[in-house]
Amino acid sequence: MESSLKYVIIPIFLILILSEVVWSVVQKKGVYHPKETLSNIFIMLVNQLLKPLVVFWNFKVFAWVAGFQFFSLPDKGWVYIVAVVFVDFLFYWQHRLSHEVKFLWTLHNVHHSSPWMNFTTAFRINWLGGFLSPLFYLPAILLGFSAEQVTFFLIINLVFQFLMHTEAIGKIPLLEGWINTPSAHRVHHGSNDVYLDKNYGGVLLIWDRLFGTYQPETEKVVYGVTTGFRGHNPVKAVFGPVIQYFRGEFHREKELRK
């Protein structure tokens, strides 16, 4: 399923990126930086090289846990809908813990470390993250969802999250605070005090409302992390926080503001 979708998704991503570049130049927004864009693309390419290994690992983990399922759910359309909602709930907690647990934040940090917000920012995914990710979705497998149904959501989430990384789209009336939007996700990437650790939802923001982490966009967003910009070197961006962690030099954003 994923291999066939990429032939549709990749051209769409390229068109959107080029359109955003034109918009940024014409409107003088400055949302792209050449070195940072190349860094984002390099990180994405390495993730693509690792993808076969990550997919193999994911399905191995899911298949092993499936042997302990309490029951199995049918391969029906309504089950996929339920899977999207339930796995989105699990994504919320994966995402939240990736910010609140220091070691997990060392892996997620690279996604937030860029001072620029554009579609290529979505490519800043830690190379090791994919090997930990399936552990957060094991409850869905135990409750009877198949690996295919969980993966279906993760593909939807991947595409949807890409669309959230832009300044070209303003607030969307009626949807704000209920479904993830570019405005809500800009808040999530903000290093402003009021924006730290907010808006974790993948597709739905009802989880943020339920657990008190929702924050609307109320002031200009300052992107990046409070620990400072690491530069354009993608290797340093990915592994720098991990190395600092084992040296005892790594801190979460709020720890620096106490």
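Q: Which residues form one aromatic cluster in this predicted model?
A: The cluster is formed by F86, F89, Y92, W93, F145, Y200, W207 and F211. Keep in mind that the model is predicted.

Q: How many aromatic pairs are there by the rule used here?
A: The count comes to 19 aromatic pairs. One of them is formed by Y92 and Y200.

Q: What makes Y92 and Y200 an aromatic pair, and why is it called edge-to-face?
A: Let's take the two tests in turn. The ring centres of Y92 and Y200 are 5.8 Å apart, and the limit for pairing is 6.5 Å, so the two rings pair. Their planes stand at 80 degrees, and an angle over 60 counts as edge-to-face, so that is the name this pair gets.

Q: Where in the chain do Y92 and Y200 lie?
A: Y92 is in helix α3 (residues 77–100), while Y200 is in the loop between α8 and α9.

Q: How do you know whether Y92 and Y200 are buried or exposed?
A: The cut-off for buried is under 20% relative accessible area. Y92 has 0%, and Y200 also has 0%, so both count as buried.

Q: Why is the pair of F103 and F246 described as edge-to-face?
A: The ring centres of F103 and F246 are 6.3 Å apart, which is within the 6.5 Å limit.

Q: Why do F103 and F246 get their accessibility labels?
A: F246 has a relative accessible area of 63%, and over 50% means exposed, so F246 is exposed. F103 has 29%, which falls between the 20% and 50% cut-offs, so F103 is partly exposed.

Q: What makes the phi values of D197 and N199 worth a look?
A: Each is positive in a residue other than glycine: phi is near 60 degrees for D197 and near 55 degrees for N199. D197 lies in the loop between α8 (182–188) and α9 (206–211), and N199 lies in the loop between α8 and α9 as well. D197 is buried because its relative accessible area of 14% is under 20%. N199 is buried too, at 0%.

Q: How do you know that the charged end of R209 sits over the rings of W178 and Y214?
A: The charged end of R209 is 4.2 Å from the ring centre of W178 and 5.0 Å from that of Y214. The distance limit is 6 Å, and the charge must also lie within 35 degrees of the ring normal. R209 is listed as sitting over W178 and over Y214.

Q: What makes S146 partly exposed?
A: Its relative accessible area is 22%, between the 20% and 50% cut-offs, so S146 is partly exposed. S146 lies in the loop between α6 (138–142) and α7 (147–164).

Terms used. Residues numbered from 1 in each chain as written. Predicted model: local features only at pLDDT ≥ 70, side-chain atom pairs only at ≥ 80, totals over all residues. Heavy atoms only, no water. Helix = DSSP H or I, 4+ residues; strand = E, 2+ residues; numbered from the N terminus. Buried < 20%, exposed > 50% of the residue type's maximum accessible area, 1.4 Å probe, protein only. Phe/Tyr/Trp six-rings, centres within 6.5 Å; stacked < 30°, edge-to-face > 60°.
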